[in-house]
Each structure stands twice: as structure tokens, then as C-alpha cells.
Amino acid sequence: MSKLHEPNTFSSLLKAFRSMGIEKRDSLIVHSSLSSLGWVSGGAQAVVLALMETVGEEGTLVMPTQSADLSDPMHWGDPPVPREWWQTIRDTMPAFDPHLTPTRGMGRIVEVFRTHPDVIRSSHPQHSFAAWGKNKDWMEGQPLSFGLGPDSPLQKLYDNDCKVLLLGVGFDSNTSFHLAEYRLKDPVIDVSSAPVMINGQRRWESFEDVEHYEEWFIELGIAFEKSTSVKTGKVGAATAKLFPARESVHFAREWLQVKRDNRPKDL
């Protein structure tokens, strides 16, 4: 494991990932912050290569490649745009392209990973994932509506005992918690929209999804970590956490149900 006064390298990262308990043939979804690691020789490229080497070609490495800016500008707040621009944006924003559309807020490691020639990226305009390795075809067939739900890449990861690695980020980045939202009793349905390609034509398409509760994920993560076996370690200067996706979904479903049912009725 790298000392803080030493540079991180491919070899030191590989050793740290293995010390965390990541093994060959693992299915692993990674949420990451490059800056949290300290100085890395080779930057994000070295991190991606070390993760690939850790799980190997018989494993599967997955990262969320979300692009939330492909959404209705009426909901934008960081920054907002003038109301008179909204229709122009809806009419002209390029459709989601798995090869070209950049991520938003996912970090540099994800951006390097998604451009790797052997990586497959799923087709959802807002909630896509990218994968490399034996089961990268899990990314195929992601539905437009309920894109993080029972027919999503998240469900396939859950079904195959995937591990989750939080690399220098908190539980608010744990996408697997979203799968639990689809298992709540009487989920609240929202409608979103984005530009997509359908039969070779660009269209601004509306689609359904359940209400998401990211604002609760930090509190949820603290409770999850107290109640179960989350392995915590250091990768470079970063705090890393490793745990089973399935366990996190089961815990989150129960916790979110209680939290939602007991929130004030005017929220």
C-alpha cells in the first residue's frame, strides 16, 4: 500500500486493490475520485489499468457513466438557464451517443474508462453504465423507462453477486442504492425526458422513473456501515470501502421504506 509521501503507481494501486479484497474474476462496480488518491503516476489511466488487472479478463469491471445534463432544462439549477432558452435546448441538444456523450460529475477515472476500446456503454441518456471484461454485455438492453430498475445493468450486477468499491467517495455515490427504490411499496412515479435516437431519428422522448432519494444516501450509508460488514481500507491517500451490492440493496430497501413512510406529508 502506498505511503502518503510516495507516488501512487500502477503496482502500488494493484497491491492496494488486492489488499482490499478485490479478486480475479470478481464483478465490481467502482465509484471514484482521482484527486482523493493523491499523486498518481499516469493519472486516471493508471487507475483504470490497475482495476482491470485486479479483476482480470474473466472478471467484469463496471462504472456508472451518467449524463444528467441530457434532461429537461426547466429542471436545471446548477446553473439554471433562462426560460426563453428551454425550447431551443429541447429542439437542438444532440441525442445521447454512447461513444460521444460525456459524463457529468462522474470524475476523470470514469471518463478514461468509458473511452477504452474494449468497453461497452449502455444506451440510457441519463443513467448509463460502462463495462469491461467477461460480462460486459450486461450493459445491453437497458430500458428507457425505469432505467435503474429490474431490467437494468444494476439488476444484473445484483443477480451476479457484484462487489461495490467506493474509492475516495461517500455512500451518496453508491448507485446500487437506487435499485432498492424500485422495491418500495407503492413507489412514486416521476416523468423525465431527454434526446435519444429512435430508428435513426433524433427525438425528445419522455419516460417514466421512480422517485429517487439521493439526498438520504449519506444517512443511509452510515446506517448500512454500522449494521453490516463493510471493509474499509486505504488506496493511496483515499479511503476505500468494499461491500456486496446485494447486501446494500436489501438494507436500503428496508431503511428507505421506513424513512419514506415517516417523512412529513408535505414533503
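Reader: Why is V196 called buried?

Author: This is a predicted model, and in it V196 has a relative accessibility of 9%. Buried means under 20%, so V196 counts as buried. You'll find V196 in strand 6, which spans residues 189-198.

Reader: What is V196 in contact with, once its neighbours within four places in sequence are left aside?

Author: Contact means heavy atoms within 4.5 Å. By that rule V196 touches A95, F96, P125, L144, Q201, R202, R203 and E205. As for S32, its C-alpha lies 27 Å from that of V196, and 164 residues separate the two in sequence.

Reader: Which residues of helix 7 are buried?

Author: In helix 7 (residues 217-227), they are F217, L220, G221 and F224.

Reader: And what puts them on the same side of helix 7?

Author: They cover an arc of only 100° around the axis, so they share one side of the helix. Their cover includes helix 6 (177-181), strand 9 (238-244) and helix 8 (245-261).

Reader: How much space lies in the largest pocket?

Author: About 1,100 Å³. The lining has 36 residues, and Q66, A68, Q126, H127 and E214 are the closest to the centre. Strand 1 (27-32), strand 6 and strand 7 (201-210) each give two or more residues to that lining.

Reader: Which element gives the largest share of the lining?

Author: That's strand 6, with four residues, the strand that also holds V196.

Reader: How does the lining of the largest pocket split by class?

Author: There are 16 polar, 12 nonpolar and eight charged residues. Gly is among those counted as polar here.

Note on methods
Residues are numbered from 1 along each chain as its sequence is written. This is a predicted model: local features need pLDDT of at least 70, side-chain atom pairs count only at pLDDT 80 or more; totals for chains, interfaces and linings use all residues. Side-chain values use heavy atoms; hydrogens and water are left out. Buried means under 20% relative accessible area, exposed over 50%, partly exposed in between (1.4 Å probe, protein chains only). The arc is that of the directions from the helix axis to the C-beta atoms. On a 1 Å grid over the protein atoms alone, a cavity is a set of points where a 1.4 Å probe fits but cannot get out, and a pocket is an open set with protein on both sides within 12 Å along at least five of seven lines; lining residues have an atom within 4 Å of a point. Grid points are joined across faces, edges and corners, and a volume is the space filled by probe spheres set on the points.
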